[in-house]
Amino acid sequence: MANIVIDNIKKSFGAFQALKGVSLTINDGEFVSLLGPSGCGKTTLLRIIAGLETATSGDIRIGERSVIGLPPKDRGLAMVFQNYAVFPHMTVFENVAFGLRMQKADEARVKKQVEKAAGLLHIEPYLDRYPNKLSGGQRQRVAVARALAVEPGVLLMDEPLSNLDALLRLEMRTELKTVLQEAGTTTIYVTHDQTEAMGLSDRIAVVHDGRIEQVGTPVEVYNHPATRFVGSFIGNPPMNFITMPVNNGQVAVGAQTFAVPAKGSEIVLGLRGETVERTSTGQGLDIQVRVAEPMGPHLLLTGSILGQPARVILPATEAVKNGEIVGLKLDASRLTWLSPESGVSYPVAA
Amino acid sequence: MTQNRPWIPYALILPSVVFLCLLFVVPLVQTIWLAISENGVPSLANMRTMAGDLNFGRSLINTFLLTLAVVPIQIIMALTMGSMVSKMGGGRETILWIWTIPLGISDLAAGMVWLSILQNTGYLNSILFGMGIIERQTAWLTYQTPVALFIGIAIAEIWRGTAIVMIIIVAGLNQVPKEFKEAAEIFGASQWTRFTRITLPLIRPALQSALILRTVLAFEVFAVVYTLGGRNFPVLVGEAYNWQNQNQNYGVAAAYAVLIMVISLAATLVYLKAIKVDPERLP
Ligand SMILES: Nc1ncnc2c1ncn2[C@@H]1O[C@H](COP(=O)(O)OP(=O)(O)O)[C@@H](O)[C@H]1O
Ligand SMILES: [Mg+2]
């Protein structure tokens, strides 16, 4: 079975450490995203899994078998590149057939597999064309079809949608999800786009500065970020971080009090902007609104809470004027508490 | 700006057009006329003299043999060198620079370099003698040793002319994104398959340019041959030179020149047809 175990992978380029000990287990048939800002080491990790790059130390096992030292072709995987890497001198058919040709598959199997993959990605009309005549989205489909045609145990994708325009990206995202669910392929998907990762993944691994900060389902990662970085990287607007005083293990917010696991005299509240409800001032957390922006589906308030910058979201039906002070009621189950020193969150349900 | 003064682009290219006409088209027409006329009337006399000359057949064969030997080897070497260089990280520029040194040497000087190696008192004989492989000085460049002479000339030509091919090929290889090769590798293509199925088709334009340039230059080979072989190894340009300078027969010299041009144009046409470059199938 094609489960993947990434075991303490380190990678240095000269003196620069791109991966600082990454471990991650991906179950058979699972879709896992590597999500992180540009330059955090996502591509490097993917290339190490693919065998295009050699790890400085650590082990990769695919289906219980260590693949360190194996050439890419012996790892039972396929890959979709960021710029597609669809061969310009071959027709779409030959592109999709490439992997099968390399496996010396017979003509009947090539035809069957290419037709299947082309059907899945709706590229049958272009099979005899050359890729240069195709749009970015169509080339993207060819690249995915080429990968699926070999029925790989593992599919690796490096920012496959980042070269598409916004509308097409949304469309392809939905389609990818359908196609991959159907194929049931174990997938590692690299992206710096949190909405993509949230929408597609069974689990997300948030990568930061050569390390995995958190692994979890999209909901877990969103609601309970393990670190300050994860909270601020995921979500739009990003999570608010408000340092608050702690008295006897409790934080008082207007009429509300929360028991917190902090040992010191301060704690950081991680507050998702849309988890608040409006209440009268002094009853909850007060926000001094600088700008109120009606966004259509909701109202975005930018201002400060306890003198610290914050953004919260109220229903579109609320009316708030610039400069107003608005009381916010908090939902205890949706708060994250973090250590002010380390930026690491305390375990949930403390 | 050019919309209301449409003549400006034409005015700007006029000097180069005039220049080309004066220095290229006019002499070309004159040469062709010289070759196909006698005393101002059209005639094939010069052509007949050329074709009837004792050295004509040999020089034609020699030129073709040399081209056939040199060009493929140069292309293969340039491909190998280019592929090797493209896999290097540091030191790449230095190696390229060293490999292109022969480019900066005139063909006459290149001939002299190889003469100093291959002549009777040259470095090759000294080394072979020093190692006890030969008993006495051996002549490599005489009409009695045609094979050695041919190989000597071919090696000198390869040494002199590979760099330009390599530069074109390296430029072509640089145009091929490494993702293509990586994608091929992921899907199971061996190194050789990647080279033949991915790299080669993608550097077609560079390959075509290199082949045309190198072949045309090979048909014009002269200085290296003249330095190493003198008249022991007649080639087409050498014959043109002899008719012009020694025989003072400009008509026959012009006939040779026209023949060389026709061969070059034909070769170019063959390459353009044989190695089709379809812009639709390029990255
Ligand atoms: N071949 C390389 N040589 C040197 N540094 C590299 C190389 N490849 C990647 N890096 C560095 O490693 C870091 C991670 O790169 P990468 O994995 O491409 O990031 P990401 O895909 O997350 O944007 C970057 O700082 C990048 O500059
Ligand atoms: Mg990347």
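Predicted model: local features only at pLDDT ≥ 70, side-chain atom pairs only at ≥ 80, totals over all residues.
**Exercise 1.** Describe the extent of the interface of chain B and chain A, and state which residues of chain B lose the most area.

*Solution.* 
- Start with the contact count: 25 residues of chain A are in contact with 21 residues of chain B.
- Next take the area: the two chains bury about 2200 Å² between them, with 68% of it on carbon and sulfur atoms.
- Then assign the area on the side of chain B: I186(B), F187(B) and E280(B) lose the most to chain A, and together they account for 36% of what that side buries.

**Exercise 2.** Determine how many salt bridges the rule finds across the interface of chain B and chain A, and identify the residues.

*Solution.* 
- The rule finds one salt bridge across this interface.
- The criterion is a side-chain nitrogen of Lys or Arg within 4 Å of a carboxyl oxygen of Asp or Glu.
- R47(A) and E182(B) form a salt bridge, and their closest N and O atoms are 2.8 Å apart.
- Polar contacts are counted separately: three residue pairs, both at pLDDT 80 or more, are found across the interface of chain B and chain A.

**Exercise 3.** Which helix supplies the largest share of the side of chain B that touches chain A, and how is that side made up by class?

*Solution.* 
- Helix 8 (178–186) and helix 9 (191–202) of chain B each give at least two residues to the side that touches chain A.
- Helix 8 of chain B has the largest share, eight residues.
- By class, that side of chain B has twelve nonpolar, seven charged and two polar residues.

**Exercise 4.** Characterise the interface of domain 1 and domain 2 within chain A.

*Solution.* 
- Count the contact residues: domain 1 gives seven and domain 2 gives nine.
- Take the area: about 610 Å² is buried between the two domains, and carbon and sulfur atoms give 44% of this.
- Assign it on domain 1: Y222(A), N223(A) and P225(A) supply 66% of the area that domain 1 buries against domain 2, more than any other three residues.
- Finish with the origin of the residues: helix 7 (residues 218–223) of chain A has the largest share of the domain 1 side, three residues. That side of domain 1 divides into three nonpolar, four polar and no charged residues.

Conventions. Residues numbered from 1 in each chain as written. Chains lettered and ligands numbered in written order. Heavy atoms only, no water. Contact = heavy atoms within 4.5 Å. Buried area = accessible area lost by both parts, 1.4 Å probe. Polar contact = N/O pair within 3.5 Å; in protein donor to acceptor, adjacent residues only side chain to side chain. Helix = DSSP H or I, 4+ residues; strand = E, 2+ residues; numbered from the N terminus. Nonpolar A, V, L, I, M, F, W, Y, C, P; charged D, E, K, R; others polar.
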